Structures are given as C-alpha cells and as structure tokens.
Amino acid sequence: MPSRQKAKGNNFERTVAKHLSGVFGYNFERVPTSGAMTGGMNAWVLERLSESQKLLLEGDLIPPDELSNIKIECKTLKKFNFSSLIKGNKTMDDWIDQAKSNHKIWFLIFKINNRGSFIASHEFFFKKFSINSNYIVYGNNYIVAMDDFFEENKDTIIKMNNEWSRNK
C-alpha cells in the first residue's frame, strides 16, 4: 500500500489528468507507476531506455497523440513558503529540473494544501499565453495560479504543440 504522501500525489495526478481531458477533449492518463521507475534514486534507469520508452515514461501524465509534444509533471506539498522564491528555493529548483524538457513544451503543475494549484513553465512558453492574473517570475520560469489557465490557453497550447511537431 502506498504511503499517505504517495497516495496524495497519485490522486492529484488523476485530478489533473481528468481536468486536462475535460479541457482539451482528449484523454490524458497517469504514467503507470508514475515516478517509481525513473524518479529519484532510479534516475539512472533513463540512461538505458530507448527514445520511445523515454517518451512513454516522461512526466507524470501521458498526453494524447494530439498533444504529444506536451510534458506534464505534477507535485503536491503540504506547505510552501512563496517568499523563499526571492532567494531561491531548492524544492522549486528540483521540481523544475524534473519537469524541464528540451524536446517538449513542459508544465510543472503543483498543489499546495489550502493555497491552491499553480503552474510553472519556461518564459519562452509563457510569453505566448494569455495570463489574466498575477504571476511570479522565478529565474527563467513563470509561476501562475492554475485557475482557468488551460481553459484560456487551450487554442494556444494546441497551436504550439502542432508547430513543435512541424519543427522537429
């Protein structure tokens, strides 16, 4: 049986997959054994996988074929001190490093208990989005509340995904 924290993370991944499936009209699924095979101390496993195997296990969600150039990493945390972002935050740095991809449009989606859900991604992507709320710039990354983000940027994300496919 998974730990309480792992169960909480699994539930958040399912919630995000369901939300994105509803927004885009395509099926998003959790990666089987999300994080267990290639995360943390098993990061060395990635070195021996083929490119197609890496694609299947990259991120916490498997995007539909129609959005195959999207990578989603999900995290949950009980408490997070947003003011720590001013000096640098190891947790956020680790999460961003895990979410980053040179081959895909990546999003880090994280939930902080009693604070809400947030999205982080590189400024290159964020500059193309409509952002109707406050945001935080953290290094080369933007952090914004998840509220209606995907709904407001659905068409832009689809367009970016299709352009990414043509530029490969």
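## A walk through the rings and the core

Let's start with the rings: this structure holds 19 aromatic pairs, where a pair means that ring centres of Phe, Tyr or Trp (its six-membered ring) lie within 6.5 Å, with planes under 30 degrees apart called stacked, over 60 edge-to-face and the rest tilted. Keep in mind that this is a predicted model, in which local features need pLDDT of at least 70 and side-chain atom pairs count only at pLDDT 80 or more, while totals for chains, interfaces and linings use all residues. Residues are numbered from 1 along each chain as its sequence is written, and side-chain values use heavy atoms, with hydrogens and water left out.

Take tryptophan 95 and phenylalanine 110. Their rings sit 5.5 Å apart, centre to centre, with 50° between the planes, and the pair is tilted. Tryptophan 95 belongs to helix α3 and phenylalanine 110 to strand β4, so this pair ties together parts that are 15 residues apart in sequence. (Helices, H or I with at least four residues, and strands, E with at least two, are DSSP runs numbered from the N terminus.) Are these two residues buried or exposed? Tryptophan 95 is buried, at 9% relative accessible area, and phenylalanine 110 is buried too, at 0%. Here buried means under 20% relative accessible area, exposed means over 50%, and partly exposed is in between (1.4 Å probe, protein chains only).

Now look at phenylalanine 107 and phenylalanine 149. Their ring centres are 6.2 Å apart and their planes meet at 65°, so this pair is edge-to-face. It links distant parts of the chain, with phenylalanine 107 in strand β4 and phenylalanine 149 in helix α5, 42 residues apart. Phenylalanine 107 counts as buried at 0% relative accessibility, and phenylalanine 149 does at 3%. Both residues also belong to one aromatic cluster, whose members include Phe24, Tyr135 and Phe150.

Next comes the core. The largest nonpolar core has 40 residues, and Met92, Phe107 and Phe150 have the most contacts inside it. Such a core is a set of buried Ala, Val, Leu, Ile, Met, Phe, Trp, Tyr and Cys residues joined through side-chain atoms within 4.5 Å. Which element gives the most to this core? That is β4, with seven residues. Leaving out residues up to four places away in sequence, Phe107 touches Ile72, Ala99, Ile119 and Ile157, among others; a contact means heavy atoms within 4.5 Å.

Helix α1 is worth a look as well. After α1 comes glycine 25, whose phi is positive, near 80°.

Over in helix α5 you'll find asparagine 161, which is buried at 1% relative accessible area. Its side chain reaches the backbone nitrogen of asparagine 69 at 2.8 Å.

Finally, step back. The protein chain has five helices and seven strands. Of its 168 residues, 42% count as buried.

Terms used:
A polar contact is a pair of N or O atoms within 3.5 Å; within protein, one must be able to donate a hydrogen and the other to accept it, and residues adjacent in sequence count only if both atoms are side-chain atoms.
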